[in-house]
Amino acid sequence: MTAFSDMEPSTVSVEASGPALALPGRTALVDAVEDVFYGSVAGVVGKYIEYPFDTVKVRLQSQPDHLPLRYKGPLDCFRQSIKSDGVLSLYRGISAPLVGAAAETSSLFLFESLGREALFNTGLCSREKGLSVPALWLTGAISGAFTSFVLTPIELVKCKIQAPLLAEGRSAAPMHPLPVIRDIFRHEGLRGFWHGQLGTLIRETGGCAAWFGAKETVTSMFYGLKTRTAATRAEVESIMSQPLPLWQQALAGASAGVSYNFLFFPADTIKSRMQTMPVGGLAEKRTFWNEGVALWQQHGLRGMYRGCGITCLRAAPSSAFIFMVYDGLKRNFPLR
C-alpha cells in the first residue's frame, strides 16, 4: 500500500513514500474492489511461498508441555516431517489457508484503505498533504484489528490441520477442512471458531502496524535518498512518481514481514497452542493469559519465541512478493 495513493502529483511529499497510484475520477468503490481483488491475488502468491515454513512453525509452537520436545528445531522438524509423511505433508491443509490468505490480505489492504479515509474524513490528516509515515503505522493497526476477526476462524482450522493430535505425541492421518469445521461447530458452536481471538487481535493490531509501517518507513527512506540530489520541485515530483527498483521494493516488503512476525511472536505462539488443543477433550481450555503463564513457567522467553527464526525466514520473501504483486497490479492494471 503506497502512501501517495490518495494524492495528486502536485501535492506529493517526500515525507511519505511511494508513487501515486490514484487516478483522477476514481471512486472509493473502485479502490475497494482493487484492494479486495489484487490483495487476494497477492495473498495466494505469498501463501504458496510461506506455507511449508508456517507448518513447521505451528508444529514447533504447539509441542505439549508434558512430553519431551519432539523437534529439536526447524531443520529437525523439516527432516522428521518429510521422513514420516513426505514433502507434501508440509502443504497439508493448504486449501483452507489459500482461501484464508486471499481473505486476510485483501482485508488488510481494504481496512488499511478505510483507515486512511477515516483519518482524512475526521480531519486528523489532510488529504492534500497526504499521510505521514507515523499515520501509516496507525492505519496498519486499524487494519490489523479488524482483520483479526476475519482471520481467527481461518487460522483455527489451519492449525488443527497442520498439527493433528500433536498433544498425544504422534502424527495422525491427514485432516481436511470440512470435517474440522463440523467438529468445532458440533462441540463448541459458532463461538468456538473465535477461540484464540485475543492472541490474533494482539498479533494483528501490533503486527500490522509494524507490517505497513516498516514497509512505508523503508520505502520512504529510499525515496528520501533519491530526492536528495534533486534540484527542483519538478525533479522531486518526477522521482516520486516512479516506482522503486525491484530490489528496493523487495527489501521494503521483507522488512515488513520480519517486523510483523518478530515483534508480536509470543502472542502468536500462545494462540497456536490454544488452537491446536483437541476439540471437545476433557482437558479444561485455558484462557490467553493462563496459556501464556503456563508457557512462561515451563519454557520461559525461549518458549515464547519457539519457531520465530523459521517464521521470519519465510515472512521476508512472502511479504516482499505480497507487496510487489499488490503494488504492481494496482499501478499497472487500474480498474476504470
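**Helix packing, kinks and burial in a predicted model**

Tutor: In this predicted model, the axes of helix 1 (residues 28-61) and helix 2 (residues 74-85) come within 10 Å of each other and cross at roughly 105 degrees.

Student: Why is helix 1 called roughly perpendicular to helix 2?

Tutor: Angles of 65 to 115 degrees count as roughly perpendicular. The crossing angle here is roughly 105 degrees, so helix 1 is roughly perpendicular to helix 2.

Student: Which residues make the contact between helix 1 and helix 2?

Tutor: Helix 1 contributes Pro52, Phe53, Val56, Arg59 and Leu60, while helix 2 contributes Pro74, Cys77, Phe78 and Ser81. By class, the contact has 7 nonpolar, 1 polar and 1 charged residues.

Student: What makes helix 3 and helix 6 roughly perpendicular to each other?

Tutor: Helix 3 (residues 95-121) packs against helix 6 (residues 197-227) at an angle of about 75 degrees, and their axes are 12 Å apart. The range that counts as roughly perpendicular is 65 to 115 degrees; helix 3 and helix 6 are therefore given that description.

Student: Which residues of helix 3 and helix 6 meet, and how many are charged?

Tutor: From helix 3, Glu104, Leu108, Phe109 and Glu112 meet Glu204, Cys208, Trp211 and Phe212 of helix 6. This contact has 5 nonpolar, no polar and 3 charged residues.

Student: How do you know that helix 1 falls short of the span of a straight helix?

Tutor: Helix 1 has 34 residues, and a straight helix would reach 50 Å at 1.5 Å a residue. The end C-alpha atoms of helix 1 are only 41 Å apart.

Student: Where in helix 1 does a kink lie?

Tutor: A kink of about 55 degrees lies at Glu50, shortly before the proline Pro52.

Student: What does the corresponding comparison with a straight helix give for helix 4?

Tutor: Helix 4 (residues 133-162) spans only 37 Å between its end C-alpha atoms, whereas a straight helix of 30 residues would span 44 Å. Helix 4 has a kink of about 40 degrees, centred on Ser148.

Student: Why is Ser40 counted as buried?

Tutor: Ser40 belongs to helix 1. Buried means under 20% relative accessible area; Ser40 has 19% relative accessibility and therefore counts as buried. Not counting residues up to four places away in sequence, Ser40 touches Asp35, Ala102 and Ser106.

Student: Why is Ala42 called buried?

Tutor: Ala42 is also placed in helix 1. The cut-off is under 20%; Ala42 has a relative accessible area of 0%, so Ala42 is buried.

Student: Which residues is Ala42 in contact with, beyond its neighbours within four places in sequence?

Tutor: Ala42 is in contact with Ile322, Val325 and Tyr326. Ala42 and Phe321 are 279 residues apart in sequence, yet their C-alpha atoms are 7.3 Å apart in space.

Student: How many helices and strands does the protein chain have, and how much of the chain is buried?

Tutor: The protein chain has 11 helices and 0 strands. Of its 336 residues, 55% count as buried. Among contacts with a separation of 6 or more, 79% involve residues 24 or more positions apart.

Conventions. Residues numbered from 1 in each chain as written. Predicted model: local features only at pLDDT ≥ 70, side-chain atom pairs only at ≥ 80, totals over all residues. Heavy atoms only, no water. Axes fitted to C-alpha atoms, helices over the stretch in contact; angles between N-to-C directions. Helix = DSSP H or I, 4+ residues; strand = E, 2+ residues; numbered from the N terminus. Parallel < 35°, antiparallel > 145°, perpendicular 65-115°, else oblique. Contact = heavy atoms within 4.5 Å. Nonpolar A, V, L, I, M, F, W, Y, C, P; charged D, E, K, R; others polar. Buried < 20%, exposed > 50% of the residue type's maximum accessible area, 1.4 Å probe, protein only. Expected span 1.5 Å × (residues − 1). Bend = angle between axes of the 7 residues up to and from the residue.
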